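Biologist: I would like to go through this model with you, one contact at a time. Please give me the cut-offs as we go.

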Amino acid sequence: MICIKAPASLANLGPGFDVLAMAIQNPFDIVGLERIKEPNIIIEAMGPHGSALPLDATMNVVEPVLVGAAKMAKYEGGFRVKIWKGIKPASGLGSSGADAAATACGVTKLLGLKLSDWELSWLAAMGEAKAAGSPHMDNASASLFGGFIIINQELRRIIKLDTWDFPIILVTMGSKPSTQYMRSLLPRTVELRASVHNLAGLASLIHAVISRDLDLLGMSIEMDELATPYRAKAYDHLQRVKETLHRYGALGVALSGSGPSMFGVFREEPCIECIRRELGNAWVMLTRPSNSGAVEAECPSEFKGAP
């Protein structure tokens with residue numbers, strides 16, 4: 001069995017709707033794959049959030065990735081899949097993207113496929129389509145390659161910028177109806193002024209990453225008028241979390257993907273227990289950017305005990 005560890009990710013990063021994402025060190029998922037003779041896909045799940053995953057292959061994000069890779073390789077057998085789930089599904093932290101990325105990375109190794117970065121990302125995005133209704137590539141690409149990712153679908157390019165080390169606080173409150181629903185809240189057309197505002201934020205954000213300017217990074221992630229104002233209607237915790245994180249030193253706070261998780265960037269580690277106390281029932285975690293994406297890893301002990 002080959003096991004692949006893939007990190008969670010923060011998509012959009014404020015003004016970069018569907019074009020920006022960043023990998024983070026924690027949480028993460030591990031996907032184990034092996035070939036079986038029968039043309040079936042058998043899924044087992046374990047770990048902190050394993051019980052939340054569908055074991056029916058037709059409902060799981062790994063299925064279209066495995067089927068797509070099998071067609072490319074002209075492989076007619078099946079797969080046994082074991083998923084150690086550390087990322088909470090539907091949290092806005094790239095849960096489905098991490099599993100799709102780990103599966104794409106693992107199955108191409110297993111079947112000896114040689115794909116370009118774009119082809120590998122597109123294969124993983126097929127899994128995202130199962131979860132979100134469309135094959136968006138931001139989370140999956142960040143989980144595949146690590147670092148700060150820019151997606152250009154017009155040019156078919158995945159651009160990776162290395163990040164540097166700084167504290168990030170993740171906060172999850174409430175629940176997300178579904179990614180499809182959250183995308184349906186977005187307008188079909190936007191004002192020119194809002195577009196210019198986001199373009200300025202996007203340019204500043206990319207410059208902040210290249211120049212490692214944490215103050216500019218913090219300001220830039222709050223420059224979104226294309227998605228966050230509309231998605232905020234689904235969450236009543238956004239302002240409370242933003243104000244709390246700023247009070248403890250956040251340089252900027254934004255919604256992660258389509259939520260409900262939010263993240264704040266900091267210069268120094270804040271008092272995590274203080275934030276937990278203030279936010280009551282919130283899940284709060286300290287993490288950091290990761291330049292490492294999907295990598296082969298030791299299989300969890302739970303995999304060895306499973307059939």
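Modeller: Contact means heavy atoms within 4.5 Å. This is a predicted model, in which local features need pLDDT of at least 70 and side-chain atom pairs count only at pLDDT 80 or more, while totals for chains, interfaces and linings use all residues. Residues are numbered from 1 along each chain as its sequence is written, and side-chain values use heavy atoms, with hydrogens and water left out.

Biologist: Is Ser290 buried or exposed?

Modeller: Ser290 sits in the loop between strand E10 (283–287) and strand E11 (295–296); helices (H or I, at least four residues) and strands (E, at least two) are DSSP runs, numbered from the N terminus. Leaving aside residues up to four places away in sequence, Ser290 touches Ala23, Ile24, Gln25, Gly146, Gly147 and Thr163. Buried means under 20% relative accessible area, exposed over 50% and partly exposed in between (1.4 Å probe, protein chains only). The relative accessible area of Ser290 is 10%, so Ser290 is buried.

Biologist: How many salt bridges does the structure hold?

Modeller: A salt bridge is a side-chain nitrogen of Lys or Arg within 4 Å of a carboxyl oxygen of Asp or Glu. Asp29, Lys85 and Asp99 are linked by such bridges in a network. For the structure, the number of salt bridges is 14.

Biologist: How far apart are the closest N and O atoms of Glu225 and Arg193?

Modeller: Arg193 also forms a salt bridge with Glu191, where the closest N and O atoms are 3.8 Å apart. Both Glu191 and Arg193 are exposed, whereas Glu225 is partly exposed, at a relative accessible area of 24%. In the salt bridge of Glu225 with Arg193, the distance is 2.7 Å. The pair links distant parts of the chain, 32 residues apart: Glu225 in the loop between helix H7 (214–220) and helix H8 (228–231), and Arg193 in helix H6 (residues 192–211).

Biologist: Which residue forms a salt bridge with Lys242?

Modeller: Lys242 is partly exposed, at 28% relative accessibility. The closest N and O atoms of the bridge are 3.6 Å apart, and the partner is Glu222. This pair too links distant parts of the chain, 20 residues apart, with Lys242 in helix H9 (residues 238–247) and, in the loop between H7 and H8, Glu222.

Biologist: Are H1 and H2 roughly parallel or roughly antiparallel?

Modeller: Axes are lines fitted to C-alpha atoms, for helices over the stretch in contact, and angles run from 0 to 180 degrees between N-to-C directions. Helix H1 (residues 62–73) and helix H2 (residues 95–111) have axes 9 Å apart and pack at about 25°. Angles under 35 degrees count as roughly parallel, over 145 as roughly antiparallel, 65 to 115 as roughly perpendicular and the rest as oblique. H1 and H2 are therefore roughly parallel.

Biologist: Which residues of H4 make the contact with H2?

Modeller: The axes of H2 and helix H4 (residues 138–145) come within 8 Å and cross at roughly 50°. That angle makes H2 oblique to H4. From H2, the contact is made by Gly97, Ala98, Ala101 and Cys105; from H4, by Asn139, Ala140, Ser143 and Leu144.
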